[in-house]
Amino acid sequence: MGSLMPPQLQAPLHPSRLPRSGPKGTLGTHPGRDRGLTSPWVPALPQVRMAGRAPPVPSSCDCFVALPPHTAFPAVIFGKNADRPRDEVQEIVYVPAATHRPGDKVQCTYLQIEQVERTHAVVLSRPAWLWGAEMGANDRGVCVGNEGVWTREPVGQEEALLGMDLVRLALERGGSAREALEVITALLERHGQGGSCKEEPVPFVYHNTFLLADRSEAWVLETAGRYWAAQRIREGSRNISNQLSIGSDITAEHAGLRERARSRGWWSGRGEFSFARVFSLEKQPPRMEAAKARFQAGKELLRRHRGDITAETLMSILRDKESGICVDSEGFRTAGSMVSVLPRDPALPCVHFFTATPDPSRSVFKPFVFVAGIKPAPQVRSPSFPQDPAKQIPRFRSSVDRRHELYRRHQAALELMERDPEWGQKLLQTLQELEKQGLQGMRELLQGTVTPCPEELADLFFDCVEAEMKFYT
C-alpha cells in the first residue's frame, strides 16, 4: 500500500511480538479495563446511560450523520451499525459502474424490476444471502443506510422490494442524496416493500427508514407501506434508530400521505401534521421501545462533540456498548459497521471505512476509495452456492455456511481471546495500531500532504484486509 501503510504493519506478528501497551489517543486503552475484554476498544466518548434506566434491550440498527458546523473540518461524515441475527455474515461487495441495454431487468432479492441505462459504481456492506445492502456508498459521494420500523400501515409478507434492495438501487441510480431519495420513493410507490428480512423459515418483516448523505447535505426518509415523508438536513447532526422521528418539519412527502392519515382516522385533517405521531403504532413493539433510549443516547453523543466530530468520533459512537448502539446479545449483534468522510471540496476523494466483521469494538475499520481498477477483495466475499436456499422456492429450508475468510479468521481470533485474555489484549492493541495508521494515512490524503498513485488507492482496501488477516495467522 506504499506510503499509506507503514511496512511494519504488513507482516504477521507472533503473539510474543505483539506490543504490551496500546497507542494513546482516540482509541487508547482505559485504566482498569486493559486486562478485560468487555470493552477492549474503549472509545474516547463518555459512556451514556439514560437517567434511571438499565441499559436498553439490544435491538436493530443506528445511523448517524454530521455536517458542518458540527464536524471538525468541512466535510459530511456518515456512519452506521448494521445489527443483524447473530450468525449472519456481512460481506463487502464492490460493483463497478455499468451501462445496460434497453429492456434489461435486474433481479433484486425477491423481485425483478426494470434496469436503468447506467448504474454508478458502488461499495456495499450486505448480508451475504441477499442482493441489496444494509449500507454503502457510490462513486458520486453518496451514502445510504436503512433501519427497520413498524408503523400503523401493516407489513406484508408477500415478496416485494426489501429496504436493503432500495439502499442498493438508490446508490446505483442516484447521483446525489436527493436523487437517491427520489429513486427510493418512486420504486416504493410502484413496487411496494415487503418480504422476509432474515434467512430463516419464519418471516421477519418490517418497513424502513433511511439516512442518505452526500458532500453537501443529508436526508432522512421514513416510510409506512408505500407512504413516506422526508426531512432535509443542511447543517448540524442527525441520527435514526428504528423509530419514526420526522415530526411536522417535513421537506417532501407522498402526494396522498395526509389524505391517507385522514381517511384512516389517524389525523383530523386540521392543525399540525406530525408524521411520527400520526403513523407510529400506539403500542410500540419492544424493539422500537428499546430504540427510543438508543436514539436519545446517540443524539447526546453527537451533541457532546458538535463542532469537533471526525471519523474517529463516529467510530467511537458505533463502538459504544453502554448505550446499546454496539449490540452483542444472544440473538442479535452488530454484524458490520461503516463510516464515511465526504469532503465538501470536490477535488478531494471521499473515504469509506468498513469492518466486514462483527462487533466494531473488536474489529478494524479499513479504508476504501473509489478509483479506476479497484483490486477485488475475495477475503471479504462470501462463497456462492448453486442450490442457494435463499433463492429456491420455498425459501430458507436449509442453511449454508456463508462465512468469508476474514470472518473465519476474526471469529477464531475472538474465540482465542476469550481463552487467553492476555494474548487477546495484545492482539487488540496491535489491531488498534493498524486502524490508527489507516486513519492517519487518510487524514494526510485529505490534507494533501501525501499524493498516492492511483494504483495504491486501487489496492488500498485489499491491502488493509490482507494486513489484518496476517495478524490472525
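Helix 7 and helix 8 touch: Ala 413, Leu 416, Met 417, Glu 418 and Arg 419 in helix 7 meet Pro 421, Trp 423, Gly 424, Leu 427 and Leu 428 in helix 8. Contact here means heavy atoms within 4.5 Å. By class, this contact has seven nonpolar, one polar and two charged residues. Ala, Val, Leu, Ile, Met, Phe, Trp, Tyr, Cys and Pro count as nonpolar, Asp, Glu, Lys and Arg as charged, and the others, Gly among them, as polar.

This is a predicted model, in which local features need pLDDT of at least 70 and side-chain atom pairs count only at pLDDT 80 or more, while totals for chains, interfaces and linings use all residues. Residues are numbered from 1 along each chain as its sequence is written, and side-chain values use heavy atoms, leaving out hydrogens and water.

**The helix pair**
- The axes of helix 7 (residues 405-419) and helix 8 come within 5 Å and cross at roughly 135 degrees; axes are lines fitted to C-alpha atoms, for helices over the stretch in contact, with angles from 0 to 180 degrees between N-to-C directions.
- Helix 8 (residues 421-447) has 27 residues, so at 1.5 Å a residue it should span 39 Å, and its end C-alpha atoms agree at 38 Å apart; the expected span is 1.5 Å times one less than the number of residues.
- Gly 448 follows helix 8 and has a positive phi, near 80 degrees.

**The whole chain**
- The protein chain has nine helices and 18 strands; these are DSSP runs numbered from the N terminus, with helices (H or I) of at least four residues and strands (E) of at least two.

**Cysteines**
- The structure holds zero disulfides, a disulfide being a pair of cysteine sulfur atoms within 2.5 Å.
- For Cys 143, the nearest cysteine sulfur is that of Cys 350, 7.1 Å away.
- Cys 143 counts as buried because its relative accessibility is 0%, and Cys 197 is buried at 2%.

**Around His 254**
- His 254 lies in the loop between strand 15 (252-253) and helix 3 (257-263), and at 14% relative accessibility it counts as buried.
- Leaving aside residues up to four places away in sequence, His 254 touches Glu 189, Arg 226, Tyr 227 and Trp 228.
- His 254 and Arg 226 are 28 residues apart in sequence and 8.4 Å apart in space, C-alpha to C-alpha.

Notes. Buried means under 20% relative accessible area, exposed over 50%, partly exposed in between (1.4 Å probe, protein chains only).
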